[in-house]
Structures are given as structure tokens and as C-alpha cells.
Amino acid sequence: MRWMRFKIRTTTEAEDILVSAMEDLGLYGAQIEDHVPLTAQEKEQMFVDIMPDGPADDGSAVLSFYVEESGDGKLTLPQESGEAPSEDNAALSGGSVYSIPGAGGRTVTPDALKASIEAKIAELKTYSDVIGEGAVTIEQTEDIDWMNSWKQYFHQFWIDDILVIPSWEQPAAPQIRPAYTFHIDPGTAFGTGAHETTQLCIRQIRRFLTPETELLDVGTGSGILSLLALMMGARHAVGTDLDPMAPPAIEQNCRANGIAPDRLEVILGNLVNDPAVQDRVGRERYDIVAANILPDVLVPLTPAAIAALKRGGVYITSGIVQGREHEVEQAMQAGGLQHLVTTRQGEWCCVVGQKT
């Protein structure tokens with residue numbers, strides 16, 4: 001599948017204005033590139049594993065809008081159900097509106113779309129002085145580029161004595177012999193292990209792990225917590241996730257690390273409020289429930305996590321930016337758990353409670 005990328009050079013002040021204006025032309029969803037540092041709250045909400053360092057903020061921004069090629073030299077733009085061809089649509093497509101069979105869309109030439117974008121920017125400049133340069137350029141790209149471009153930021157690294165190696169790298173000669181070597185290809189499911197919150201979870205799982213451990217990994221993503229627990233000796237693990245890309249990513253990571261598929265069961269669904277998922281997960285079954293998510297999910301998740309825990313089991317939570325750990329501690333205590341420990345790394349916290 002090929003796409004045309006329309007790039008607009010602008011300023012950070014004009015980002016929202018331009019994104020809204022481009023919707024009038026049928027361009028929905030923008031990739032925003034700027035140098036504005038993320039706040040702690042934004043990091044908590046975005047929650048990425050790899051946060052590469054960037055240049056200092058200079059107020060500049062680039063907005064990119066992707067439009068699918070229709071195969072005849074034209075581009076496919078969405079058209080809302082029941083939308084009649086309008087004069088604006090006709091002007092956009094160079095005089096005619098083309099229906100896309102089965103897609104409810106319309107097509108337009110790249111030059112016509114570029115001209116419409118430039119006209120819209122010129123209109124904005126008449127009443128706004130923050131648009132900046134406003135230059136528009138066109139590039140051709142493929143979705144495979146989006147899927148793999150992030151790999152340039154992810155390289156092998158250590159979590160204490162665990163060596164984590166992405167599937168596309170060869171291991172460097174280590175100065176010390178790793179206790180475990182974990183091969184991972186996150187694919188499009190979240191989780192590489194490089195984030196502080198993941199490492200905090202891994203250390204606490206390791207602390208409480210025994211050969212009889214049954215682990216529940218809520219929001220398992222690429223399965224790193226479950227798989228490492230199994231490699232370190234846990235008996236069995238269950239992972240839940242909302243992302244349909246999680247099971248294939250986990251299946252691949254099981255193969256890469258020699259983990260038998262029947263040792264890790266993956267359940268798609270929401271443990272917080274879906275009784276069917278809660279029934280499949282089971283009650284009073286797990287020695288460890290681990291959840292590396294966000295406080296806004298961890299707090300309502302706590303009752304379901306407690307129900308899944310055996311007596312004496314531990315609830316290991318991470319993804320908590322410093323300053324919000326007390327919310328999770330209080331939720332655990334309100335559910336009858338004993339607060340054991342809160343650990344920190346960087347600006348993140350891991351809270352552990354035990355079902356007594």
C-alpha cells in the first residue's frame with residue numbers, strides 16, 4: 001500500500017489551527033514533529049518505551065498528513081456517509097468528484113490537493129500571524145516504513161544481569177556473562193523493556209518469583225513481563241490485553257526465547273469491567289498479578305486484581321509517575337491489601353501490595 005505524505009512547515013503555535021483547517025479538506029489525523037519537551041504528565045499519558053533525545057525547542061513544527069494512493073495516479077480522500085459532491089469537493093479534485101466503490105470516498109490528484117492545502121494556508125495567514133513558513137511538500141511512502149522506522153532507536157541493553165536483544169541485532173561481546181538473554185521483537189504491540197516502569201516491575205517479579213508461581217500480566221503488550229518470569233522459573237503465566245496485535249507479537253517472542261506456547265495464555269479483553277474476561281482469568285488463582293499501565297487504570301483495576309490473587313499473593317503495579325503513587329497505595333489498602341514497598345527509578349514508581 002502506497003501513501004502520499006503532505007508536509008507543512010509551520011510553528012508549534014499553529015499546530016491546532018492547521019490540524020482543524022485540514023479537516024475541511026478531508027485530511028484527518030496529523031503526524032506532528034516538533035521540539036517541545038514533554039511534561040511528566042504527557043509522558044505518563046503517551047507512555048512510550050523509547051524517548052530519544054532531541055534538539056532544543058525552536059518553535060518550529062512539521063505537520064504530516066497521509067493520503068492513500070488509489071492506484072491510478074490519484075489519491076483517496078474520505079467522504080462521510082451520505083455526503084453529496086459539493087462545489088468545494090469538485091474544486092479539490094480538479095473539476096470532478098470520483099466515487100470510490102465500496103469506500104464511500106473521493107479521489108483527487110496530488111497537485112490539486114497540494115494547491116488546496118496552499119490555498120487554505122494562505123487563507124489562514126490573512127487572519128493569523130503564527131502560521132510561519134507554511135511551505136507544503138509531497139513525498140511518497142509506504143506503511144512498512146511507519147512500522148519499522150522506530151527500530152533505529154532500539155538497541156540491545158541490560159536490565160541488571162538480563163541482556164535484552166532486539167531480533168534485528170546481533171549480540172555484542174559482553175564484558176560479563178548475562179544470567180538471561182532475552183530476545184524480543186515488539187512488532188506493533190507495546191513493550192521493549194527499556195522503559196523504567198518495565199524494569200521496576202521485572203525487579204519486583206524476580207523478588208517474589210518461585211518455581212510454583214502462577215503470574216497474571218495485565219496489559220501484557222509484547223509479553224515481556226510474562227516471558228521473563230517464565231525464563232526465570234515461573235510455572236505458568238496468563239496475559240491480558242486490549243490490543244489485537246499482542247497475541248502475534250507474543251507468539252513470535254515465545255519462539256525467539258524457546259518458551260512453549262502452552263506456558264503463556266493470552267486473553268484479549270478488559271479485566272477491569274468485563275465479567276467474561278474475569279471468568280476466564282479466574283479467581284484466587286495467581287501468586288503474582290503484575291500491571292504496568294497507568295494510575296487511571298490501576299486504581300479501577302485493583303478490585304479485579306485482588307479477586308484474581310491467592311492469599312499471600314502480591315500485586316505489582318508500575319507506570320506510575322512520581323506524585324501519584326499514593327493513589328495506587330490507597331486503592332490497594334482500601335481493597336484490603338497490605339502495602340509492602342514502593343520503589344522508584346527516574347520519575348516513575350512501582351507499588352507492591354500483598355493479599356493477607
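Visitor: What makes β15 and β17 a pair, and how many bridges join them?

Guide: Welcome! This is a predicted model. Two strands pair if there are at least two bridges between them. Six bridges join β15 to β17, so the pair meets that requirement. The two strands run antiparallel, and one facing couple is isoleucine 316 opposite valine 352 in β17.

Visitor: How do you know that β16 and β17 are paired, and in which sense do they run?

Guide: The requirement is at least two bridges, and β16 and β17 have eight, running antiparallel. Valine 341 has valine 352 of β17 as its bridge partner. The hairpin of β16 and β17 has two residues between the strands, and glycine 346 there takes a positive phi near 60°.

Visitor: In which order do the seven strands of the open sheet stand?

Guide: The order is β13-β12-β11-β14-β15-β17-β16, with mixed pairing. The antiparallel β15 and β17 contrast with β11 and β14, which pair in the parallel sense over four bridges. Aspartate 217 stands opposite alanine 290 in β14. From one strand to the next, the twist averages 15°.

Visitor: What makes β17 largely enclosed by the rest of the structure?

Guide: Seven of its eight residues are buried, so the rest of the structure largely encloses β17. Across the chain, buried residues make up 45% of the 356 residues.

Visitor: Why is threonine 220 called buried?

Guide: Buried means under 20% relative accessible area. Threonine 220 has 5% relative accessibility, so it counts as buried. This threonine is found in the loop between β11 and α7.

Visitor: What joins the side chains of threonine 220 and aspartate 217?

Guide: They are joined by a polar contact of 2.8 Å. The limit for such a pair of N or O atoms is 3.5 Å, so a value of 2.8 Å falls within it. Leaving aside neighbours within four places in sequence, threonine 220 is also in contact with Ser226, Gly239, Thr240, Asp241 and Ile250.

Visitor: Which residues of helix α11 are buried?

Guide: They are Glu325, Val328, Glu329, Ala331 and Met332. Seen down the axis of α11, these buried residues fall within an arc of 160°, so they line one face of the helix. The face turned away from that side carries the exposed residues Gln330 and Ala334.

Visitor: What do the buried residues of α11 pack against?

Guide: Their partners are α10, β15, β16 and β17. After α11 comes glycine 336, whose phi is positive, near 95°.

Visitor: Which strands does helix α6 lie across?

Guide: Helix α6 lies across β14, β15, β16 and β17, and it runs at about 135° to β16. Helix α8 lies across β12 and β13, running at about 170° to β13.

Visitor: How many helices and strands does the chain have?

Guide: The chain comes to eleven helices and 17 strands. Of its contacts between residues at least 6 apart in sequence, 68% join residues at least 24 apart. The chain exposes about 17,200 Å², and carbon and sulfur atoms supply 50% of that.

Key:
Residues numbered from 1 in each chain as written. Predicted model: local features only at pLDDT ≥ 70, side-chain atom pairs only at ≥ 80, totals over all residues. Heavy atoms only, no water. Buried < 20%, exposed > 50% of the residue type's maximum accessible area, 1.4 Å probe, protein only. Polar contact = N/O pair within 3.5 Å; in protein donor to acceptor, adjacent residues only side chain to side chain. Contact = heavy atoms within 4.5 Å. Areas by Shrake-Rupley, 256 points an atom, 1.4 Å probe, with all protein chains shown as cover. Arc of directions from axis to C-beta. Axes fitted to C-alpha atoms, helices over the stretch in contact; angles between N-to-C directions.
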